[in-house]
Every structure is written in structure tokens, then in C-alpha cells.
Amino acid sequence: MTALDAAAPVSAHDAWETPERRELRAMVRRFTEREIVPHLEEWEDVGELPRALHRTAGSLGLLALGFPEAAGGDGDHLDTALVTEELILAGGSSGVCAGLFTHGIAAPHIAANGSPELVDRFVRPTLRGELIGSLGITEPGTGSDVAGITTRAVRDGDDYVVTGAKTFITSGTRADYVTTAVRTGGPGHRGVSLLVVETDRPGVARTRLRKMGWHCSDTATISYDEVRVPAANLVGAEGSGFRQIMERFASERLSLAVQAYATAQRCVELTVAWARQRETFGAPLSSRQVVRHRIAQMARHATVARTYVRDVLVRYEAGADVVTELAMAKNAAVEACDWVVDQAVQLHGGAGYLHGVEVERHYRDARILGIGGGTNEIMDEVIAGRLGLDGS
Ligand SMILES: Cc1cc2nc3c(=O)[nH]c(=O)nc-3n(C[C@H](O)[C@H](O)[C@H](O)COP(=O)(O)OP(=O)(O)OC[C@H]3O[C@@H](n4cnc5c(N)ncnc54)[C@H](O)[C@@H]3O)c2cc1C
């Protein structure tokens, strides 16, 4: 066991090391090694994950974690973090997490605020891996400024008629439904609502987007041309969409922070193995002090990020107000990850630049972590606001 080992016990009461969580970690490692690693390069080339993977993950109970029992869920956010961690440490990737666990951003609003009928139609089958959901907030004209969305939903009898477009939508080409932020009222955040839009409705069109990384996670632009959606698909009350989105951002940000430190940790492990076996000038790279120190620094960044994010996660799960710390945790983990993946590629030399070499994929995949779920700059805005530094 090394100091980097995520399973290293800290105390007898360490929330991460209960017998159940050790079992969960072992199950995720087996799942990743059998069901993901042998196929990952193929999925990267194809540009999406197979639906069968969702069903397998659902049958193992992995998709239910972090959702309320009343909606078919199980476990808590520490469990979902642990699954994300282990999936990446066992040879998966943040791209797999994005595509396989999109329901973690698409379905929680429905589970928490949707009618029992919506929960039955969308949440339960999603947690079983039978349906795929997406979250549609970002538009061609607005991203960080969520209150600025312009996709309109106009009430007409028992329906809404939706017109507009969403872009950069994760799992958007495969999704059966999109939990869509729409404007039902006037300008600003009070006019935003959440509406579940099935993607087979007339007027919905989707275009696949190509990206720098996360190749196995499909991404789409989705346009809505006078799409009729039953008013019963509204999640919570009209005008409550912005509040719901903000509440759920917390778990998305934590998930991205976990992906960041786990990717960093995986890259440390890959670089240690590489430095031991790669010889230059008649000696292994690992014998050079500059290389040993560089890897030591990589390990420090990964470990410090993991420790802080996990600490914030435990306090979040206990119900503490961690809005500021959560923004700090995301930025700290992303900064650590960005530096570590860059060093991992550098220490792999030319091999680190080659398609099919794992650190190259992590290097590309990592770049989105400081953009999605609230950018680094927006996280700094949150922190500055909490410090009493109001902008114009
Ligand atoms: C691969 C991928 C997957 C995604 N998945 C989804 C998804 O499933 N659903 C979804 O709804 N969205 C998704 N997104 C969108 C993502 O959430 C947005 O890209 C992100 O919120 C930033 O919005 P934007 O791209 O419009 O950038 P902008 O908001 O235009 O920002 C551009 C730059 O300006 C900075 N900036 C903006 N405002 C300020 C300010 N006030 N002060 C200082 N700097 C500022 C930003 O930090 C950024 O650096 C995804 C994006 C990608 C690339």
C-alpha cells in the first residue's frame, strides 16, 4: 500500500473505508476492468457508449446511488464519488463517467421535485439503465449566465410549445429525454422552469458535436421547433427552474472535482510505472532526481486535492453550507489535475503524445473539467461573492 492508495485507512471511523464501501470499490474495479477497459478505445472512436453498458451498470445498482430511495435510489454522494474514483483509477476515464452517469445531472431535479408520474416514467427506468437522460441548460447564446436562457415554452391548453436550442448537451445524441431549462415567464431567473422533453417528439432535431476530449461521451446541439410537450412534464412549479438548477449544481461540481483528482491520481500511478521501466542514457528514468521529484510533486497535488474534495463532500452530505468550499474544491482539484496530466505527458516523452496511450487521453479529457458545471472563473465569482466582494 502506498501513501497514494485511496484505500489507505485513516481511522477506524473513516467514512470512505466502511466494509460496504470497500465491497463497492472492489465491485466497481471488476466492472471497469471487465466491461469498460477492453472496449474503451473502440467507444472513443465511435464517439459514444453502448446502451448495454447502462443496463449492466443499472443491474449492478451503480446508477441508483445518490438518488432518494423513494425514487428507486440507494446510497449517498460518498458512494457516487467512490464509484467515480474507482472507475477512473481502474482504467476508465472522466469521459466514461460523463456519458454513463449523465443521469446524475439529468434526473435529480425530477426525483426531488417531479410528480410521482414523472418519477415513474423517467427516474426509475433511468436508474435501471433502461432510459438515458440529458440536462439541457446551455444555449448557443448563453452558458455561464443561466438566467439568460431564451428557449421559450408557451402554454397552449394542456401543453407547452417549446422553441429554441440547447448546445454542448452531454449524451444528447442518445438521450431519450432532456430535462430542459425553458423560459415560461419574463426575463431573469424567475422566468425559468424545467420541462422534461422526450426526444422523439416532432420538432426535436439533434446534431452531434466533435470535441477535443471525452470522445466516448456523445455531445449534441438540440433544437426545438414548436415542440408540443404535455404540461404534466413540468418539474416542480413554474418559475422554480433556476433555483432547482442551482441546488443541483452542487453535486455536479463535486462530481467534476472527484473526476479531476482521480484522473490526477491515475496519471501519477501510470507515470510511476513508466518511469520505472523506461531507460535513458543507460538508467531508468526513475533514478533521475529531477524525475523523482517531479513525480513526488504530482503525487502531492493529487493527494492534497483528494483530501480536500473528500472533506467537502462529507460536510456536503451532512447538510453543511459548503457553497464556498465546493467552488474552492472544484478549482483546486481542476488546477491539480491540469498540472499533473501535463507533467504525465511530458514524462512519457513522445509516447505521451500518441493516440492510444492512456495519459494522452487523460490530458485531452481533463481540459473540460474547468469549463463544465461552472467554469473556473464562475467558481472564483462564487468565492469572491462569499467574501463580500460584489462585482458591478
Ligand atoms: C463537453 C461538454 C459537455 C457539456 N455538457 C453540458 C450538458 O450536459 N448540459 C448543459 O446544459 N451544458 C453542458 N455543457 C456546457 C457548459 O456547462 C458550458 O460550456 C459552461 O457552463 C460555460 O458556458 P459557455 O461555454 O457558454 O461559456 P461562456 O459563459 O460564454 O464563458 C466564456 C468564458 O468567459 C468566462 N466568463 C463568463 N462570464 C464571466 C464573468 N462574469 N466573469 C469572468 N469571466 C466570465 C468563462 O469562465 C469562460 O472562460 C457542456 C460543455 C462541454 C464542452
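Predicted model: local features only at pLDDT ≥ 70, side-chain atom pairs only at ≥ 80, totals over all residues.
Residues are numbered from 1 along each chain as its sequence is written, and side-chain values use heavy atoms, with hydrogens and water left out.

**Overall architecture**
- The protein chain has 13 helices and 10 strands, taken as DSSP runs (H or I, at least four residues, for helices; E, at least two, for strands) numbered from the N terminus.
- Its radius of gyration is 21 Å, close to the 21 Å that the globule rule gives for 392 residues, so the chain is as compact as a globular protein of that length; the radius is taken over C-alpha atoms, and the rule is 2.2 Å times the number of residues to the power 0.38.
- The C-alpha trace spans about 80 × 45 × 40 Å along its principal axes.
- Of contacts (heavy atoms within 4.5 Å) between residues at least 6 apart in sequence, 74% join residues at least 24 apart.

**Burial and nonpolar cores**
- Buried residues make up 52% of the 392 residues, where buried means under 20% relative accessible area with a 1.4 Å probe, protein chains only.
- A nonpolar core is a set of buried Ala, Val, Leu, Ile, Met, Phe, Trp, Tyr and Cys residues joined through side-chain atoms within 4.5 Å.
- The largest such core has 66 residues, and those touching the most other members include Leu 24, Phe 31 and Leu 62. Helix α9 (residues 241-277) gives the most to this core, with 14 residues.
- A second, separate core of 23 residues includes Val 119, Val 123, Val 146 and Ile 149.

**Selected residues**
- Arg 21 lies in helix α1 (residues 19-36) and is buried, with a relative accessible area of 11%.
- Leaving aside residues up to four places away in sequence, Arg 21 touches Ala 15, Trp 16, Asp 76, Leu 78, Asp 79 and Leu 82.
- Leu 24, with neighbours within four places likewise set aside, is in contact with Leu 62, Leu 65, Asp 79, Leu 82 and Val 83.
- Thr 84, in helix α4 (residues 77-89), counts as buried at 6% relative accessibility.
- Beyond four places in sequence, Thr 84 touches Cys 97, Phe 101, Ser 255, Val 258 and Gln 259.

Key: Buried < 20%, exposed > 50% of the residue type's maximum accessible area, 1.4 Å probe, protein only.
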